[in-house]
Amino acid sequence: MGVYLSFLKIHLKSMIEYRGAFISHCIAKIMGWGADFLMLFVMISQVSDLDGWGPYEMLLLFGLQLFSYSMAGFFFYNIKENIPRYIQLGEFDQVLTKPTNPLFFLMCREFNTGYFSNLVVAGAAIVIAFVQLQVRISIISFIWLVLAILGGTLIFSGIMMIQIIPSFWTIRTDAIGTVDWVFQTITRYPLTIFSKVLQVALTFVIPYAFINFYPAQIFISNGNLLEMPSFVKYMTLPVGAIFFCVMYLIWKQALKHYGSSGS
């Protein structure tokens with residue numbers, strides 16, 4: 001942790017040198033995600049109910065998803081974007097020669113502080129949803145909120161690793177990112193409006209539903225859990241931890257297939 005904080009401190013200092021560019025970048029990202037937020041809200045506000053989910057309940061889905069995605073993006077987005085190039089040019093050799101875990105080294109070097117601005121939009125969405133839904137936040141419910149976000153962060157981190165791992169065989173993995181974006185868009189809406197096949201896939205195969213659909217019902221309790229047991233809404237963190245660990249083990253196996261293409 002000390003090493004990571006040292007890297008973060010250095011990175012933040014370098015950003016301060018160009019604070020105008022950093023602030024402009026943050027404002028642009030806030031406006032971009034804010035536009036997404038407003039478009040979604042305007043659209044869902046035109047219907048009073050979507051299979052038992054009202055506009056502010058769906059706003060909570062959006063906020064939980066964006067918060068977890070932004071936390072994962074802070075650590076993994078640049079890794080996902082840069083690793084294909086590193087492998088293609090043979091620059092990944094430099095990572096493997098460092099006296100530390102390769103993934104940890106990349107997380108230290110490649111973090112994306114631009115995602116701080118996304119958290120502003122996500123936090124605002126969650127707060128607005130809680131206020132409008134008259135959700136009373138106690139210490140216990142706040143802890144469950146934090147645990148749900150941590151679990152969602154692990155799930156999104158694992159999903160980003162899914163996009164990284166094939167690079168050791170195929171170099172380019174753009175199509176996987178497109179599929180991920182489609183699923184992210186789908187899970188901004190109640191999972192109950194989609195087919196049973198999709199519900200099963202997003203619960204048991206790649207657990208997008210645990211990022212927002214299940215944990216949201218800790219706070220809104222509309223009783224629509226796809227016939228799953230009630231405790232499933234509290235399972236985001238263990239599901240996220242298991243999913244991330246599985247992806248990490250696959251990552252370690254993928255490293256064995258790396259063949260330097262550099263000079």
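This is a predicted model: local features need pLDDT of at least 70, side-chain atom pairs count only at pLDDT 80 or more; totals for chains, interfaces and linings use all residues.
**Entry 1, the largest pocket.** I began with the volume of the largest pocket, which comes to about 200 Å³. I then listed its lining and found M71, F75, F76, M107, L150, T153, L154, S157 and F244. Helix 3 (55-89) and helix 7 (139-164) are the elements that give two or more residues to this lining, and the largest share, 4 residues, comes from helix 7. When I sorted the lining by residue class, I noted 7 nonpolar residues and 2 polar ones, with no charged residue in the set.

Is T236 buried or exposed? I recorded it as buried, because its relative accessible area is 1%, and the cut-off for buried is under 20%. Leaving aside residues up to four places away in sequence, I found that T236 touches A148, G151, G152, I155, F210 and P215. For F210 I also noted a distance of 2.7 Å between its backbone oxygen and a polar atom of the T236 side chain.

I noted its backbone angle, since most residues other than glycine have a negative phi. Q134 is not a glycine, yet its phi is positive, at about 55 degrees.

Notes. Residues are numbered from 1 along each chain as its sequence is written. Side-chain values use heavy atoms; hydrogens and water are left out. On a 1 Å grid over the protein atoms alone, a cavity is a set of points where a 1.4 Å probe fits but cannot get out, and a pocket is an open set with protein on both sides within 12 Å along at least five of seven lines; lining residues have an atom within 4 Å of a point. Grid points are joined across faces, edges and corners, and a volume is the space filled by probe spheres set on the points. Ala, Val, Leu, Ile, Met, Phe, Trp, Tyr, Cys and Pro count as nonpolar, Asp, Glu, Lys and Arg as charged, and the others, Gly among them, as polar. Buried means under 20% relative accessible area, exposed over 50%, partly exposed in between (1.4 Å probe, protein chains only). A polar contact is a pair of N or O atoms within 3.5 Å; within protein, one must be able to donate a hydrogen and the other to accept it, and residues adjacent in sequence count only if both atoms are side-chain atoms. Contact means heavy atoms within 4.5 Å.
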